[in-house]
Amino acid sequence: MSRVRWWRRLVPPLLSAVLLMAGSAAAVLAAYPASVDVNRSGFNPPCDNDANVIVPKMQAAAKAAYARLGHVAEDYTGTQFTRAATLGRTAADWGYYVHSHGDFYLNADGRRYTGFREDSGDCSQAVVFSKDIKAKRAGRQSNLVFVSTCHSADAGTTLPDAFAIAKTKSTGTPQGPEFYVGYLGLQWDSDEWVFEQRFWNALAGGKSVGASFDVAMLGAFNSPTFDADWWGTYHWSGAAGPWTLCKTCS
Amino acid sequence: MNRIKYLARVVPVIALAGIGLVAVGVPASQGGDAFVAGGRSTRPVVLPASAADQARARGRALATALGLPGISQRVARLDDRFDHRTYDEVTSLDAAGREVAIARFTTDGRVAMALVLGWHAAGRGAPIAESAAESRGLGFVRAAGLDAAGRAVVHESAGAGGWSVAWPRVVDGLPVRGDGVRVTLWADGAFHGLARAERPLAATPARPIAAGAARTLAEEWAARRFDGSAGGLRVTAVERAWVAPNDAFSPTGPDAPAETLRLAWVVRFEARGPLAERLRLVETWLDAGDGSLLGGDMVE
């Protein structure tokens, strides 16, 4: 057998392996986008003279985590994270993470809604209201939504509803492959970073979203009153797309 | 020819195995390298059989003491590069093989964490009052073989499902931020979780700088950082505390809070006016000995 014929025999299996890898990755990745919006400008140059390095770390951790869950994860900051861009993307997003300044902001309609500020690359940052997101998503199913802002999980938060996530904690009767995480009141960046890294790491280790939240809650926080909350399906694996139950989860 | 046939059969297998390895994510390196944001904090390390048996026994004893559910245990030793410690994680499983509780023990055998998994819906038992939460929490701390001293910080916690009761660590009258013992209780006072942190402290500076000097340094730092907006900041606290240095304001710092805590002057600013629209509070942490910047924090 010649050298050429020897390699010919290897081509089909190698080709099939490559196609399998590329094809399956594309099939998984194309279906479930996740956007990671991070306001850096508000806490870094040009608005402050020095960098706040905690914020980019949260961005890197969130993007990597959504990718591990099977999403096509893209991160946006500066002029890529504007109110218009976020609202333009949101209808297609299965996963969503945002880190910014958050509050109950007064809307032009005279009512208050939970929201967060865009980045926009400058220091004049418009508010993205839950009302805006809800209108764009129009009840579309969400997977994991992590709103890393102050007040995002206060009792009256209007953001879960914008992502069609009911504010109920489901264990026995699952409410779908969805989970919303946010913070109560005012929280320090360093504590949020500890919480988020613990949460993403537990998820990466195969724990359910609820178990990951519980593990994250037991971090070494600088503030003894740190608090976060969640709504959704405790036992869900966090994997992108429709139902995927975690076999080993409680 | 036989060799060729063999290769033709194994190459796809190797290729597929490679895909599998890529899919599950093999650590790029092993050893004591630092945590990098975007990566995992923990990775399994070798646990000798005798140590696994010991951890399993500790897990069973703790389960009995705290009433943790589960009928069997799975044990792993994890190197946590974010928390800078190695611990044995004992995961309790129910009859169906589902995870129902987690306990972690530092390699000296002390409890680092205990957690009952799942959600404990309100209404199982009568809610307890704040005044009862501290004594209930203390009972669980002692049952876990730990102790708690000083004034407890008790607060109603949505994330805990009821109450959070913390005993922050205090050394020579100064708080050690992030360290101490914390218990989370369900609204009816049942056990939910427990965490203990006791990180190493650097030497106390022999000649600490005065509070006034620290405040001046912090105000100079704020003026540089916030430039024209610095007028919107007001100092609300100047206090000493042990802190884990971080890279909040220094791109060359570590991605995880530092392993060894340092004594710092913590100077807190509150934002007012237009600055408060994007930033609420800022802290700068200055080395209590030489005033150098150890890190800091923000509430956005």
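This is a predicted model: local features need pLDDT of at least 70, side-chain atom pairs count only at pLDDT 80 or more; totals for chains, interfaces and linings use all residues.
Tutor: Residues are numbered from 1 along each chain as its sequence is written, and chains are lettered from A and ligands numbered from 1 in the order in which they are written.

Student: What makes a residue of chain B count as buried, and what percentage does so?

Tutor: A residue is buried if 20 or more other C-beta atoms, placed from the backbone, lie within 10 Å of its own; it is exposed if 12 or fewer do, and partly exposed in between. Of the 300 residues of chain B, 43% count as buried.

Student: How is the packing of α6(A) and α7(A) described?

Tutor: Helices are DSSP runs of H or I with at least four residues, and strands are runs of E with at least two, numbered from the N terminus. Axes are lines fitted to C-alpha atoms, for helices over the stretch in contact, and angles run from 0 to 180 degrees between N-to-C directions. For α6 (residues 189–204) and α7 (residues 209–216) of chain A, the angle is about 145 degrees and the axes are 8 Å apart.

Student: Which classes of residue make up the contact of α6(A) with α7(A)?

Tutor: Residues are in contact if their C-beta atoms, placed from the backbone, lie within 7 Å. Among those taking part are Phe195(A) and Arg198(A) of α6(A), and Ser212(A) and Phe213(A) of α7(A). Ala, Val, Leu, Ile, Met, Phe, Trp, Tyr, Cys and Pro count as nonpolar, Asp, Glu, Lys and Arg as charged, and the others, Gly among them, as polar. The contact accordingly has 9 nonpolar, 1 polar and 1 charged residues.

Student: How do you know that β5(A) pairs with β6(A)?

Tutor: Pairing requires that DSSP find at least two bridges between two strands. Strand β5 (residues 112–117) of chain A is joined to β6(A) by 3 bridges, and the two run antiparallel. Together with β4 they form an open sheet in the order β4-β5-β6 of chain A.

Student: Why are β4 and β6 of chain A at the edges?

Tutor: Each has a single partner strand, so one side of each is left without a neighbour in the sheet. The twist averages 50 degrees from one strand to the next.

Student: What are the domains of chain B?

Tutor: The bounds come from an automatic or database domain assignment, with domain 1 at 28–112, domain 2 at 119–197 and domain 3 at 211–299. The C-alpha centres of domain 1 and domain 2 of chain B lie 22 Å apart.

Terms used
Two residues are in contact if their C-beta atoms, placed from the backbone, lie within 7 Å.
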